[in-house]
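Q: I have a structure to go through today. Could we start with the ligand and then move on to the sheet?

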Amino acid sequence: MPFDYTSVQYRSLEGRSVVITGGASGIGEEMVRAFVAQGSRVSFIDINRELGEAVASATGASFHFCDVTDIPALRDVLARIESAHGGVNVLVNNAGKDDRHDMAEVEPEYWRRALALNLDHQFFATQAVAKGMAKAGRGSIIMLGSISWMRGRPGMIGYTTAKAAISGMTRTLARELGPSGIRVNCIVPGAILTERQEKLWLTPELNQQFLDLQALKFRLDASHVAKMALFLGSDESGGCTGANFIVDAGLTQN
Ligand SMILES: NC(=O)c1ccc[n+]([C@@H]2O[C@H](COP(=O)([O-])OP(=O)(O)OC[C@H]3O[C@@H](n4cnc5c(N)ncnc54)[C@H](O)[C@@H]3O)[C@@H](O)[C@H]2O)c1
């Protein structure tokens with residue numbers, strides 16, 4: 001039974017303009033649903049047109065097709081959203097891809113691609129909306145990290161490098177933008193069950209491994225991450241910036 005957010009109500013999010021990248025599936029899709037349920041005006045960006053259109057018609061959010069690794073196109077779509085909604089109040093830099101790769105086989109082009117998919121756009125999307133947020137004197141930017149780099153996970157060096165960098169980027173951006181009233185925080189998800197994770201990697205053994213490692217003995221789903229995004233997007237987290245918010249059921253305590 002999907003979480004319906006009727007128990008969560010952040011009045012400060014009502015009417016706010018919220019942009020989510022990678023909102024057509026997984027955690028991003030759940031965040032689209034979560035912010036729509038708060039009465040926010042939600043725009044989301046994704047490379048998957050079919051899923052994007054389906055999520056838009058199910059939620060009423062507006063879908064914008066864009067590959068976030070194409071920085072000129074990303075800037076263009078963010079400018080269009082800004083002018084359609086009179087600005088952006090909350091930006092969630094969620095798009096990413098945790099492709100696995102053998103370290104010995106990584107070539108420069110693949111390396112650049114991993115960083116483009118998981119790091120570059122988080123900076124350039126932030127840069128694109130920062131000016132308008134500064135003019136408004138407020139804004140909340142939410143980056144998506146990952147506990148994989150904290151755990152030193154092998155087989156995904158491009159991904160873990162990008163996600164570790166986001167932690168440093170968050171701290172510097174918080175300093176750069178704080179004086180303008182803009183907060184920058186990072187959600188660091190643990191092992192979250194999404195369709196992609198279930199399809200590609202879930203086995204009964206892996207499931208048990210996560211349960212053994214976690215302090216809490218249930219698997220997390222996208223709604224656990226979306227609820228943190230609502231808090232960080234809302235004025236109720238007004239004192240928080242430059243911080244990592246780990247949502248991992250205690251996994252990194254191991
Ligand atoms: N699921 C987890 O366990 C987990 C753990 C740690 C961190 N995260 C992070 O959370 C975020 C969301 O992950 P998820 O599990 O929901 O992934 P997902 O693959 O289920 O969804 C990612 C979405 O991003 C879109 N996307 C991918 N490449 C894109 C591109 N070039 N341009 C535009 N859109 C693109 C996809 O189409 C998809 O809709 C990512 O940043 C991921 O690194 C996830």
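A: A polar backbone atom of V68 is 2.9 Å from a nitrogen atom of the ligand; a polar contact is a pair of N or O atoms within 3.5 Å. This is a predicted model, in which local features need pLDDT of at least 70, side-chain atom pairs count only at pLDDT 80 or more, and totals for chains, interfaces and linings use all residues. Residues are numbered from 1 along each chain as its sequence is written, and side-chain values use heavy atoms, with hydrogens and water left out.

Q: What lies 2.8 Å from an oxygen atom of the ligand on the side of S25?

A: A polar side-chain atom of S25 does. For I192, a backbone N or O atom lies 2.8 Å from an oxygen atom of the ligand.

Q: How much of the ligand's accessible area does the protein cover?

A: The protein covers 92% of the 830 Å² that the ligand has on its own (Shrake-Rupley method, 1.4 Å probe).

Q: How many residues surround the ligand?

A: There are 27, and the closest are S25, I27, D46, N94 and Y159; a residue counts if one of its heavy atoms lies within 4 Å of the ligand.

Q: Now the sheet: what is the strand order?

A: The open sheet has seven strands in the order β3-β2-β1-β4-β5-β6-β9, with parallel pairing. Strands are DSSP runs of E with at least two residues, and helices are runs of H or I with at least four, numbered from the N terminus; two strands pair if DSSP finds at least two bridges between them.

Q: Why do β3 and β9 each have a side without a neighbour?

A: β3 (62-65) and β9 (244-247) stand at the edges with a single partner strand each, so one side of each has no neighbour in the sheet.

Q: And how do β5 and β6 pair?

A: β5 (residues 139-144) and β6 (residues 182-189) pair in the parallel sense over six bridges. I142 stands opposite N185 in β6.

Technical notes. A polar contact is a pair of N or O atoms within 3.5 Å; within protein, one must be able to donate a hydrogen and the other to accept it, and residues adjacent in sequence count only if both atoms are side-chain atoms.
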